[in-house]
Amino acid sequence: MFNGQCSMNNMTSQEIYNRLTAVFRDVFDDETLTINPATNADEVEEWDSLSHVQLIVAVEQEFGVRFTSREILKWRNVGEMAEALQQKLS
Amino acid sequence: MQTPRFQNVLLLLASYAVYAYLDARMLWLLVAATLVSFAVGWGTQRLQAHGAERAAGILTTAGVSAAVGLLVAFKYLDFFAEGIVASMQSMGLNVSWTALHLVLPVGLSFYSFKLISYMVEVRRERILAERDFVAFAAYVAFFPTILAGPIDRPQHFLPQLHQSRALRWENLVSGAKMILWGAFMKVCVADILSPVTDMAWDAGGERLALWAFLMYPMQMYADFSGYSLMAIGVAKTLGFDVACNFRQPFMARNVAEYWRRWHMSLTTWVTDYVFMPLSLRWRDAGRWGLAAAVTVNLVVIGMWHGDSVTYLLFGLYHAMLFMPLVFGGTFGRNKKLRTARWGLPAATESMKMARTYLLVAVGFVIFRAPNAVAVWAFLCRLFTPALPMQPAPGGSRWFYLVVIFGALLTEYFMRNASSPLHFKGNGLMQRRWARWAVYYVLLAFLYICADTGAATQFIYTQF
């Protein structure tokens, strides 16, 4: 379902999630994986400390950004990662 | 209904009373460290709220360094100082060092880790600084886990202190089951194995070496998981959910999976506070960065146990075992176990478990050895062509093997239960008589085994 208004911000957010989903599916080798803002390591079976680093590297490469360790360690779920991405990209 | 505040005050007083019983001289250190960490957490949050990021970072670093310094001073000072003195003396410098022989305060290795965890989580803005000192102090001093863990994280434990706990029948039953199984593992498995392994190491019997080699991991597991379960069970009767420490470690199909199942509260701690920051910092170095982070991670885990060089070697040994997994890129996968007939693991899975067990057993030889040379000597003894003799004077080898094998098998079939002896599903165990038969059998074993007088101290209280 679409919201009535599709502002530039919303589109960018959706695009971020689309591209993130592709990255997640690639890193965790699972074509059926879906993510939402609340998704975190507890819910994805193969998401552990090792794949977390691989995920970060893949996300940084996909979006062409660079995060500091401090920023990364703050994230508690995909939503916070996506927000940080949005801020970096705008 | 009592308020949480009232309950926490009682809990705190009880915890300090228990600590005073265990180590009265060092109670002040526990209280002081708690106060300092509380202040650091509060200060960090205020500084961050005012945008003073650098100051907050410095404060946290100071707090964490103080806690680490405390641990290092008590655990490793003699180790490093003697090493420095020895090398200076070999260079002809005339120095001397009177070993401080500082006695490690009870539970320091465990509660200092709780404090560090708290300060870092506040800094990372993943939890709010605790405003209630009584609750915080109760978290740190929590008596069921003060002695030898599990190490609870603030984000899981502090919220429980903010709610009042009612005495619930389910909790009492659940806790009692855990205590029963934990006591069984400790008294009927660990304490039975311990005289033999001690004999093999101390008395140097050739023929015991193989038995000790194969049984020592079981003994360590039974001892520590038994203790952990009892601690978790006691906490459960009080209405608290404490972190899990073991999850059938011998079902691991590779070393990475083993460390996700063994002493989990410690390994997740080290993973979150050592591995994660390092692996992120070195992420540009690809596989080599990961290898380095894994190595540091395992060395820290090894050395956490104490100041012997064998603990360092133990860490390095396990790090070496990780290398094929790091460079082969397969250690993140937690594949579902494939089962065969009767729900037992498939043949290939069993082979992997056996292989992992043997690798872990070698690691435990390093862990247990009094010094590096003894490791090699012990391993050489494994290849003398002599049969293992009777496991303990006056005992029957078969009885022990049956008990141990039975315990392992029971844990395997209970692996999907929320905790030991919590039977689910529609099978036999739904019948009351069946469950009670199990409990009585366990109690009988406890009675028999406790009677042999082989009861020993919990291994992990020395760390």
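Which residues line the second largest cavity? In this predicted model, the lining is made up of B:Trp201, B:Ala212, B:Phe213, B:Tyr216, B:Ala361, B:Phe364, B:Val365, B:Arg368 and B:Phe378. The space inside the second largest cavity comes to about 40 Å³. A search of the whole structure gives 2 cavities of 30 Å³ or more. Two elements of chain B, helix H9 (206–237) and helix H14 (347–368), each give two or more residues to the lining of the second largest cavity. The largest share is that of H14(B), with 4 residues. Sorted by class, the lining holds 8 nonpolar residues, no polar residues and 1 charged residue.

H3(B) gives the most, with 11 residues. The lining of the second largest pocket consists of 17 nonpolar, 5 polar and 6 charged residues.

Chain A contains 4 helices and 0 strands. Along the sequence, the pattern of chain A is α-α-α-α. Chain A has 90 residues, and 41% of them are buried.

Charged side chains were considered next. Side chains of opposite charge can pair when their charged atoms come close. Over all chains, the search of the whole structure finds 21 salt bridges. One of them joins B:Asp284 to A:Arg66, with 2.9 Å between the closest N and O atoms. This pair crosses between chains: B:Asp284 is in the loop between H11 and H12 of chain B, and A:Arg66 is in the loop between helix H2 (49–63) and H3 of chain A. B:Asp284 has a relative accessible area of 59% and is therefore exposed, as the cut-off for exposed residues is over 50%. A:Arg66, at 42% relative accessibility, is partly exposed.

A salt bridge is also formed by A:Arg70 and B:Glu125, whose closest N and O atoms are 3.4 Å apart. This pair, too, runs from one chain to the other, from A:Arg70 in helix H3 of chain A to B:Glu125 in the loop between H4 and helix H5 (133–141) of chain B. Both residues fall in the partly exposed class, A:Arg70 with a relative accessible area of 23% and B:Glu125 with 35% relative accessibility.

Within chain B, the side chains of B:Arg123 and B:Glu53 meet in a salt bridge, at 3.3 Å from N to O. B:Arg123 has 14% relative accessibility and so counts as buried, because buried means under 20%. B:Glu53 is partly exposed, with a relative accessible area of 31%. A network of salt bridges links B:Arg123 and B:Glu53 with A:Arg70, A:Lys74 and B:Glu125.

A nonpolar patch was found on the surface. The patch is formed by B:Val68, B:Val72, B:Phe80 and B:Ile84, which together have about 320 Å² of accessible area. B:Val68 is placed in helix H3 of chain B. With 37% relative accessibility, B:Val68 counts as partly exposed.

One further residue of chain B was examined for its position. B:Leu325 is part of helix H13 (residues 309–328) of chain B. Its relative accessible area is 13%, so B:Leu325 is buried. Between B:Leu325 and B:His422 there are 97 residues of separation in sequence and 35 Å in space, taken from C-alpha to C-alpha.

Technical notes:
Residues numbered from 1 in each chain as written. Chains lettered and ligands numbered in written order. Predicted model: local features only at pLDDT ≥ 70, side-chain atom pairs only at ≥ 80, totals over all residues. Heavy atoms only, no water. Nonpolar A, V, L, I, M, F, W, Y, C, P; charged D, E, K, R; others polar. Patch = residues over 30% accessible without salt bridge, like charges linked within 9 Å, V, L, I, M, F, W, Y side chains within 5 Å. Areas by Shrake-Rupley, 256 points an atom, 1.4 Å probe, with all protein chains shown as cover. Salt bridge = Lys/Arg side-chain N within 4 Å of Asp/Glu carboxyl O. Buried < 20%, exposed > 50% of the residue type's maximum accessible area, 1.4 Å probe, protein only. 1 Å grid on protein atoms, 1.4 Å probe; cavity = no way out; pocket = protein on both sides within 12 Å on 5 of 7 lines; lining within 4 Å. Points joined across faces, edges and corners; volume = space filled by probe spheres on them.
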